[in-house]
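Have a look at it first, and then read on.

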Amino acid sequence: TSSTKSSYELVTLTTWLLKQEQAGVIDNEMTIVLASISTACKQIAALVLRAPISNLTGVQGAVNVQGEDQKKLDVISNEVFSNCLKSSGRTGVIASEEEDVPVAVEQSYSGNYIVVFDPLDGSSNIDAAVSTGSIFGIYAPNDECLADVEDNGTAFRVTNASPTVRVQLDSVEQRCVVSVCQPGSNLLAAGYCMYSSSVIFVLTVGTGVYVFTLDPMYGEFVLTQEKVQIPKAGKIYAFNEGNFALWDDKLKRYMDSLKEPGDSGKPYSARYIGSLVGDFHRTLLYGGIYGYPRDKKSKNGKLRLLYECAPMSFIVEQAGGKGSDGHQRILDITPTEIHQRVPLYIGSVEEVEKVEKFLA
Ligand code: P6P
């Protein structure tokens with residue numbers, strides 16, 4: 001007789017992580033890092049939910065390394081994320097959109113995972129209560145860049161390529177930058193938490209994309225979708241067309257093509273909320289494309305490779321989609337500096353390949 005699944009047989013994120021560990025998909029250090037990230041996201045969700053009440057809307061009055069006005073919640077979310085990761089004891093280096101340089105975590109005593117994150121992407125939407133999100137990616141310690149420090153305190157980078165040649169690194173800072181600047185193809189895990197009508201935690205550890213929804217009744221993320229597959233095509237596009245005049249002619253021709261009815265008799269629909277996590281999540285589930293192209297003002301576009309484009313591209317590829325800079329796979333690009341920007345076209349395979357053809 002088939003066992004009837006009781007409606008209370010819910011799988012929480014905690015249970016799911018332990019099952020992955022049991023199956024040998026992740027080790028117990030990674031389990032702890034991911035659990036600490038989910039805790040940070042729950043704390044940020046609570047802060048976002050009550051932002052107008054607790055006077056956490058508006059600007060902090062400072063400017064971050066990107067030259068952007070830091071919102072109060074940008075600063076707090078960054079502290080929440082960093083503290084959760086540091087107290088997990090399994091994080092070696094963290095790199096945040098809100099920090100100038102990567103931070104070597106002294107409290108780390110095992111695991112030493114490298115975590116890159118944007119603690120609150122789209123925070124300009126907070127005051128209007130529009131969706132925002134946290135984005136993260138996790139790399140294994142990159143032993144190529146484990147610097148061995150001579151007793152005189154001088155650090156060297158020993159690379160596999162040439163164990164004999166020792167490149168002198170000036171500072172811990174540079175060592176951390178080197179260990180963090182890895183291509184997205186090295187990612188072991190990536191995910192985001194979207195703060196919207198529901199709080200949605202999306203995660204991949206390389207075995208497909210899993211979606212968890214926060215149950216506020218008891219503060220746990222509950223598995224609501226597994227092995228998500230993005231539709232191969234989708235007639236929804238998410239671009240800021242306000243930049244149209246600044247785009248390359250090839251891109252303008254692509255954009256115009258979306259407005260022709262075509263054989264289906266219907267043009268594409270435009271959906272753009274100015275928050276990558278919200279626009280991406282809709283694209284992942286409904287199909288279509290999100291794009292942030294380069295333009296005459298921003299030569300490399302606006303989005304950052306390390307903690308926005310690479311984690312999202314790992315997720316979309318795990319769901320059968322594509323993440324491109326218009327010409328090459330995002331996951332093949334090795335960052336040369338942690339806040340490096342790249343153009344991003346991400347979503348359904350057919351839609352990304354369509355724009356790549358126009359841009360060729
Ligand atoms: P624009 C938010 O600042 C962000 O990084 C993404 O979340 C969002 O998709 C994009 O920038 C919005 O930028 O120039 O269209 O306002």
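Leu13, Leu17, Leu18 and Glu21 in helix H1 meet Asn28, Thr31, Leu34, Ala35 and Ser38 in helix H2, where contact means heavy atoms within 4.5 Å. By class, this contact brings together five nonpolar residues, three polar and one charged. Here Ala, Val, Leu, Ile, Met, Phe, Trp, Tyr, Cys and Pro count as nonpolar, Asp, Glu, Lys and Arg as charged, and the others, Gly among them, as polar.

Before going further, please note that this is a predicted model, in which local features need pLDDT of at least 70 and side-chain atom pairs count only at pLDDT 80 or more, while totals for chains, interfaces and linings use all residues. Residues are numbered from 1 along each chain as its sequence is written, and side-chain values use heavy atoms, with hydrogens and water left out.

**The whole chain**

The chain has eight helices and 18 strands. Both are DSSP runs numbered from the N terminus: helices are H or I with at least four residues, strands are E with at least two. Of the 360 residues, 52% count as buried, meaning under 20% relative accessible area with a 1.4 Å probe, protein chains only.

**Helices side by side**

Two packed helices are described by the angle between their axes and the distance between the axes. Axes are lines fitted to C-alpha atoms, for helices over the stretch in contact, and angles run from 0 to 180 degrees between N-to-C directions.

| Helix pair | Angle | Axis distance |
|---|---|---|
| H1 (residues 13–22) and H2 (residues 28–49) | about 165 degrees | 9 Å |
| H2 and H3 (residues 72–88) | about 155 degrees | 9 Å |

H1 and H2 are therefore roughly antiparallel to each other, a label for angles over 145 degrees. H2 is likewise roughly antiparallel to H3. On the H2 side, the residues that meet H3 include Ile37, Ala40, Ile44 and Leu47, and among their partners in H3 are Ile76, Val80 and Phe81. Which classes of residue make up the contact of H2 with H3? There are 14 nonpolar, five polar and no charged residues.

**The eight-strand sheet**

An open sheet of eight strands runs in the order S4-S3-S5-S6-S10-S11-S12-S13, with mixed pairing. Two strands pair if DSSP finds at least two bridges between them. S4 (103–104) and S13 (220–225) are the edge strands, each pairing on one side only. S3 (residues 91–96) pairs with S4 in the antiparallel sense over two bridges, and Val93 stands opposite Ala104 in S4. H2 packs on this sheet, and its direction makes about 165 degrees with that of S6. H7 packs on the sheet too, with a direction at about 80 degrees to that of S6.

**The five-strand sheet**

Another open sheet has five strands in the order S15-S14-S16-S18-S17, again with mixed pairing. S15 (269–270) and S17 (322–324) are at its edges with a single partner strand each, so one side of each is left without a neighbour in the sheet. S14 (residues 236–238) and S16 (residues 289–292) run parallel and are joined by two bridges. Ala238 stands opposite Tyr290 in S16. H7 (residues 305–318) packs on this sheet, touching S17 and S18 (344–347).

Where do the buried residues of H5 pack? They pack against S14, S16, S18 and helix H8 (349–359). The buried residues of H5 (residues 249–257) are Leu251, Lys252, Tyr254, Met255 and Ser257.

Methods:
Angles under 35 degrees count as roughly parallel, over 145 as roughly antiparallel, 65 to 115 as roughly perpendicular and the rest as oblique. Buried means under 20% relative accessible area, exposed over 50%, partly exposed in between (1.4 Å probe, protein chains only).
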